[in-house]
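Subject: Structure for your review

Dear colleague,

Please find below the structure that I am handing over to you. My notes on what was found in it follow directly after it.

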Amino acid sequence: MKLYLLLTQIGFGLLLSLAVNAIEKPTPPKANKQFSTEQACVEPIDIMRRYHGHFLKHHRDDTMHSGVRTTQHSLVECINCHVTADDHGNYPSVKDGSEHFCRSCHNYAAVTIDCFQCHASKPEKK
Amino acid sequence: MSPTQNRRDFLKKTATVAGLTTIAPGILFYNVSQAKPDGEAVTSKVRWGMLIDTTKCATGCTDCVDACTKEHGLNDNVSAEVAPQWIRKVGLRDKQTGKETSLPMLCQHCEEPPCVDVCPTGASFKRADGIVLVDKHTCIGCRYCMMACPYKARSFIHETLENQKPHSPRGKGTVESCTFCVHKVDKGEQPACVEACSNADHNAIIFGDIKDPESEISKKLAEVSSTALRADMKLNPGVRYQGI
Ligand code: SF4
Ligand code: SF4
C-alpha cells in the first residue's frame, strides 16, 4: 500500500513538472513607442497587467455614450502601438498563434477575448 | 504639458481655443462646428441634424450611399442579400402628377426614438446631442428595434465579419444603423455622405447643429419649408427633407 502511494506521488510529481515545462511563458512583442520618457505604457506596467480590462471597459462606455475621445485608454491606440508588422508588412493574426500582442498573454492565461469579433485587431493601413 | 496629455491633444486644444473669435469687446463667438475637446462629454446644448434638399438629389446618384459603405466597410465580405444598409436611395412618385423624387433614407435620429423605447437591454440609446446609436457591447440581437423603427433604418448582421474599420466596430449578431458618422462629428468633421455629396458638387445635404441659430442648417431651416417624414408619429426626426 505504502509503495503504491509513493509511486502515485512520484507519478504526480512527474506530471506536474512535465506540465510546467510544456507551457511557455508569454513573450508579448515589443510596442512601437514609449508613452513618455518616464513611463513605457499609458499606466505603470504592473497596473496595466492587472487592470487593462477595467481601463478599456471604463473608456468604452465614456466613448460610446458620452463621445469622450481621449486616446490614453482607447483600444484603437493599444492596437496601433502594440500590434506591429513583420518585415513583409504583415500583421499577426488574432485568431491563431501567439504572435499577436493580446493573444500572447491571453493564450497563456486561457482567457478568451471577444473584442476582435467587432473591433479591428490590427492598425489600419494608411 | 502633463505626461498624460500628448502633443496631438495639446495642439487640438490650442486649436479649439483659437476658434473663439471676439466679435465685439466682451462678446465671444464660439463656432460650434469646431471640434469639442476630446476629453469633454457631449451635451444637449447641441442637436445634430440634417436637411436634405430633394430637388438637388439626382435619380440614380448613389454618391452618399457609396461613401457610407466605404467609410464603415459595410460591404466587406458579406453576401449581397444580407448586406447592411445604413443609407439607401428611395424613389417617390406622385400618383396624381407623376412627379418623381429621389432621396436618401437613413436613420432619422428621432428625438423620441421608438427603437430606444423597445430595446430590452438599453443597447439602443440616444446621445445627449441627439445621435441615436446601438451599443453593441449590450445588444443581444433581438431585433425589436428593427420592428419598431418606422423608417426601416436598421440592419442585422448575419455573418461573421472580418477586417472591420478601427473607427467603426461591427459584428455578427448585433443590429446597426447610421451613426451620423459620430467618429467624425466628434472631431468636428462632417458625415461621410455629406462630404461625398458636396465633393460631387450636388450639395443636397446640409449637416449641423439645429440648436445653434447661427448654423447654416438652422438658417436654412428657418428660411425654406421642410418636411419631417411621418410627422404624424411625432418622433421629431433630426433629418428633414426639402422639396417633397
Ligand atoms: S429612424 Fe429608426 S433607428 Fe433611427 S432613431 Fe428613429 S426609430 Fe431609431
Ligand atoms: S437588437 Fe439590440 S439594439 Fe435592437 S432592441 Fe434588441 S438589444 Fe436593443
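This is a predicted model: local features need pLDDT of at least 70, side-chain atom pairs count only at pLDDT 80 or more; totals for chains, interfaces and linings use all residues.

Chain A

The secondary structure of chain A consists of 4 helices and 0 strands. Along the sequence, the pattern reads α-α-α-α. Chain A has 126 residues, of which 25% count as buried. Among the contacts in chain A with a separation of 6 or more, 47% are between residues 24 or more positions apart.

A sheet in chain B

In chain B, 4 strands form an open sheet in the order β10-β3-β12-β11, with mixed pairing. Its edge strands are β10 and β11 of chain B, each of which pairs on one side only.

Which sense does the pairing of β3(B) with β10 of chain B have, parallel or antiparallel? The two strands pair in the antiparallel sense over 5 bridges, and β10 covers residues 205-209. Within this pairing, B:Leu51 has B:Ile206 as its bridge partner, and B:Gly49 stands opposite B:Gly208. With strand β12 of chain B (residues 239-242), β3(B) pairs in the parallel sense over 4 bridges. Here the bridge partner of B:Asp53 is B:Gln242.

B:Ser226

B:Ser226 belongs to strand β11 of chain B, which covers residues 226-227. Is B:Ser226 buried or exposed? Its relative accessible area is 19%, and buried means under 20%, so B:Ser226 counts as buried. The side chain of B:Ser226 makes a polar contact with the side chain of B:Arg240, at 2.9 Å. Leaving aside neighbours within four places in sequence, the residues in contact with B:Ser226 are B:Leu51, B:Leu221, B:Arg240, B:Tyr241 and B:Gln242.

Two asparagines in loops

B:Asn77 lies in the loop between α2 (63-72) and β4 (87-93) of chain B. Its phi is near 50°, a positive value in a residue other than glycine. With 52% relative accessibility, B:Asn77 counts as exposed, because the cut-off for that class is over 50%.

B:Asn203 lies in the loop between α6 (192-199) and β10 of chain B. The phi of B:Asn203 is near 50°, again a positive value in a residue other than glycine. B:Asn203 counts as partly exposed, at 37% relative accessibility.

Ligand 1

Which residues are found around ligand 1? They are B:Cys107, B:Gln108, B:His109, B:Cys110, B:Pro113, B:Pro114, B:Cys115, B:Val132, B:Cys149, B:Pro150, B:Tyr151 and B:Arg154. This shell divides into 9 nonpolar, 2 polar and 1 charged.

Yours sincerely,

A colleague

Technical notes. Residues are numbered from 1 along each chain as its sequence is written. Chains are lettered from A and ligands numbered from 1 in the order in which they are written. Side-chain values use heavy atoms; hydrogens and water are left out. Buried means under 20% relative accessible area, exposed over 50%, partly exposed in between (1.4 Å probe, protein chains only). Contact means heavy atoms within 4.5 Å. A residue is near a molecule or strand if one of its heavy atoms lies within 4 Å of it. Ala, Val, Leu, Ile, Met, Phe, Trp, Tyr, Cys and Pro count as nonpolar, Asp, Glu, Lys and Arg as charged, and the others, Gly among them, as polar. A polar contact is a pair of N or O atoms within 3.5 Å; within protein, one must be able to donate a hydrogen and the other to accept it, and residues adjacent in sequence count only if both atoms are side-chain atoms. Two strands pair if DSSP finds at least two bridges between them.
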